[in-house]
Amino acid sequence: MPVFSLALIALYVFEGLREKYSLIVQIGLGIAFISSFIAKESGEALSLRVGTPIKHADLGEKLVPLALILFIFSVAWFYLIKNPKKVNINITKVVGIVAVLLAAGSLVMTYLVGHSGAEATWKNRDRKS
């Protein structure tokens, strides 16, 4: 998800890249949503065997809807860009800004999920030199 979130932000900033890369970014964000759902489900299955790190589980559950909303807004934004005569330009700008904010939020959330998982795994381990 981080790679395609960064790519979405890049496409917002660099308009010349949109035509060539918008479909790839949309597909990548769709795959990122599916992957976040699979990761959440596999994490739940693993937690039944090893215990649940609460903070990591809570953040992971929030990442899935964020990934879905980001995907929806990215598809909507690219559709509006491709069909400028069908809708007001201000709506396209607002949808684009929301998509970029969601992409930035997904970067932060992905970091927090990963960090909390690593912390839950390694924080209380004995260090061997």
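Contact means heavy atoms within 4.5 Å. By that criterion, the buried residues of helix H4 pack against H1 and H3. This is a predicted model, in which local features need pLDDT of at least 70, side-chain atom pairs count only at pLDDT 80 or more, and totals for chains, interfaces and linings use all residues. Residues are numbered from 1 along each chain as its sequence is written, and side-chain values use heavy atoms, with hydrogens and water left out.

**Helix H4**
- Helices are DSSP runs (H or I, at least four residues), numbered from the N terminus.
- The 34 residues of H4 (residues 89-122) should span 50 Å at 1.5 Å a residue, which agrees with the 49 Å between its end C-alpha atoms.
- Buried residues (under 20% relative accessible area, 1.4 Å probe, protein chains only) of H4 include Val 95, Ala 99, Leu 102, Ser 106, Met 109 and Val 113.

**H1 with H4**
- H1 and H4 pack at about 150°, with axes 9 Å apart; angles run from 0 to 180 degrees between N-to-C directions.
- That makes H1 roughly antiparallel (over 145 degrees) to H4.
- Among the residues that meet are Leu 8, Ile 9 and Tyr 12 in H1 and Ala 99, Val 100 and Ala 103 in H4.

**H1 with H3**
- The axes of H1 (residues 2-13) and H3 (residues 54-82) come within 12 Å and cross at roughly 25°.
- That makes H1 roughly parallel (under 35 degrees) to H3.
- The contact is made by Ser 5, Leu 8, Leu 11 and Tyr 12 of H1, together with Leu 70, Ser 74, Trp 77 and Phe 78 of H3.

Methods
Helix = DSSP H or I, 4+ residues; strand = E, 2+ residues; numbered from the N terminus. Parallel < 35°, antiparallel > 145°, perpendicular 65-115°, else oblique. Expected span 1.5 Å × (residues − 1). Buried < 20%, exposed > 50% of the residue type's maximum accessible area, 1.4 Å probe, protein only.
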